Amino acid sequence: MIDFEKFELENGLKVLVHKDTSTPIVAINILYDVGSRDEDPDKTGFAHLFEHLMFGGSINIPKYDVPLENAGGENNAFTNNDITNYYLTIPKQNLELAFWLESDRMLNLAFSKKSLDVQRNVVIEEFKQSYLNQPYGDVWLLLRPLAYKVHPYLWTTIGKDISHIENATMADVKSFYKKYYNPNNAILSIAGDIDINEIKALSQKWFGPIQSLEKPKRNLPKEPTQQKPQHLSVERDVPVDAIYKAYHMCNRTDDDYYTTDLISDVLSNGNSSRLFSRLVKERQVFSKINAYISGDIDNGLFIFTGKLANGIKMEEAENALNVEIEKMKTEEVSKDELQKVKNKIESTIEFSEINVLDKAMNLAYSELLGDADLINQEIGLYNKVTKEDIQKVAFKIFNNNNCSTLYYYAN
């Protein structure tokens, strides 16, 4: 159980506070409600570019990292389809410094041509290294637009095309910042040996004066139900053939989400899971295979990824995988099998409640989903899932017309 207090500033900034006396380190997480799904289809990659730009200096702080590191702090950030998240840890005696740093870059980022050029080049190099010059690196550049036709999940966080970042202008980035980097579009969470009254005072002092702007209205196109299977075959300079299958699934707040997550664990969590024990160990069709869910806030994907074993043809591998997928629909999971994956998830959740940074992150994300107390409800929601639920949801998702398959051949 994670106890927390919540309050909101007049400018709309939501603040969540969790007291943990076990550590002298305080974690601060600030989540901005903007991800790659919010981008203009002709100007993609901006949310991720901003993750980098936010470290380029603000109006009063030329180099964000310098004062933080001098105070014994560490920081990082990440962007995905749905959110941009910044986090840091700092000794509690230097807590106010963290408020100063985060509020200053929310108030007024220092947009210089040099900073934009530097970060743009960093992102372009990341695009090349991670997506273009790495074995299997372009899988998501291929699979997303295969599975999605209208929803902005059809492009990756790094962007549709490298030219979008290459051509980003100062006016483009300033407009993006003004639209999304505002207190009423953010959630601040703090975890550590802290005093709620001190946090209220610091929040008001450093964030209170920042003016709120109109919260962006999200009106994203709804992905239509997929009516027929999608297929794409490519050849690349890679060691072995691989197959990727993506099925449309529910969104993160749907009642079926927890059932779907458990299905992925039955199939692929650990060496005793079905896919590993049957397709890697017993039949040796794959050298490596995984099943997982994207966990997106809007309707996401249930994904299978498999590297074929030497000498195995693509058709043989896909047929073997399809047999295991079909069994999820036609055969009930055993009581022991279901309990095993529930136990694993429970231990994972409980382990995440040890670290103050994980707690700060999870509180902010739960609040974005609608209720910060979801962090305390999730074990119960997983435990409620029945064998019947598993079979029913598997039947709903694992429909051939709902599947997009990427055949990735080694040339």
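Reader: Which helix holds the place of Leu 363?

Author: The place of Leu 363 is in helix α13, a helix being a DSSP run of H or I with at least four residues and a strand a run of E with at least two, both numbered from the N terminus. This is a predicted model, in which local features need pLDDT of at least 70 and side-chain atom pairs count only at pLDDT 80 or more, whereas totals for chains, interfaces and linings use all residues. Residues are numbered from 1 along each chain as its sequence is written, and side-chain values use heavy atoms, with hydrogens and water left out.

Reader: Why is Leu 363 called buried?

Author: Leu 363 has a relative accessible area of 0%, and buried means under 20%, exposed over 50% and partly exposed in between, computed with a 1.4 Å probe on protein chains only. The value is under the limit, and Leu 363 therefore counts as buried.

Reader: What is in contact with Leu 363, leaving aside its neighbours within four places in sequence?

Author: Contact means heavy atoms within 4.5 Å, and on that basis, with those neighbours left aside, Leu 363 is in contact with Ile 2, Phe 4, Leu 16, His 18, Ala 372 and Ile 375.

Reader: What makes His 164 and Thr 44 a polar contact?

Author: Their side chains meet at 2.7 Å, and a polar contact is a pair of N or O atoms within 3.5 Å, of which, within protein, one must be able to donate a hydrogen and the other to accept it, while residues adjacent in sequence count only if both atoms are side-chain atoms. The distance of 2.7 Å is therefore within the limit. His 164 lies in helix α6 (residues 162-166) and is itself buried, at a relative accessible area of 16%. Beyond its neighbours within four places in sequence, His 164 is in contact with Pro 41, Asp 42, Lys 43, Thr 44 and Phe 46.

Reader: How do you know that the length of α12 is close to what is expected?

Author: The expected span of a helix is 1.5 Å times one less than its number of residues. For the 18 residues of α12 (residues 335-352) this gives 26 Å, and the first and last C-alpha atoms are also 26 Å apart. In α12 the buried residues are Glu 337, Leu 338, Val 341, Lys 342, Ile 345, Ile 349 and Ser 352.

Reader: Why do the buried residues of α12 line one face of the helix?

Author: Seen down the axis of α12, they fall within an arc of 130 degrees, so they line one face; the arc is that of the directions from the helix axis to the C-beta atoms. An α-helix has 3.6 residues a turn, so residues three or four places apart point the same way. On the other side of α12, Lys 335, Asp 336 and Phe 351 are exposed, whereas the cover of its buried residues includes α9 (257-268), α10 (274-282), α13 (356-369), α14 (374-383) and α15 (387-397).

Reader: How many aromatic pairs does the structure hold?

Author: There are 26, where rings of Phe, Tyr and Trp (its six-membered ring) pair if their centres lie within 6.5 Å, with planes under 30 degrees apart counted as stacked, over 60 as edge-to-face and the rest as tilted. Among them, Phe 55 and Tyr 64 have centres 5.4 Å apart and planes at 90 degrees, and the pair is edge-to-face. Phe 55 is partly exposed, because its relative accessibility is 22%, whereas Tyr 64, at 3%, is buried.
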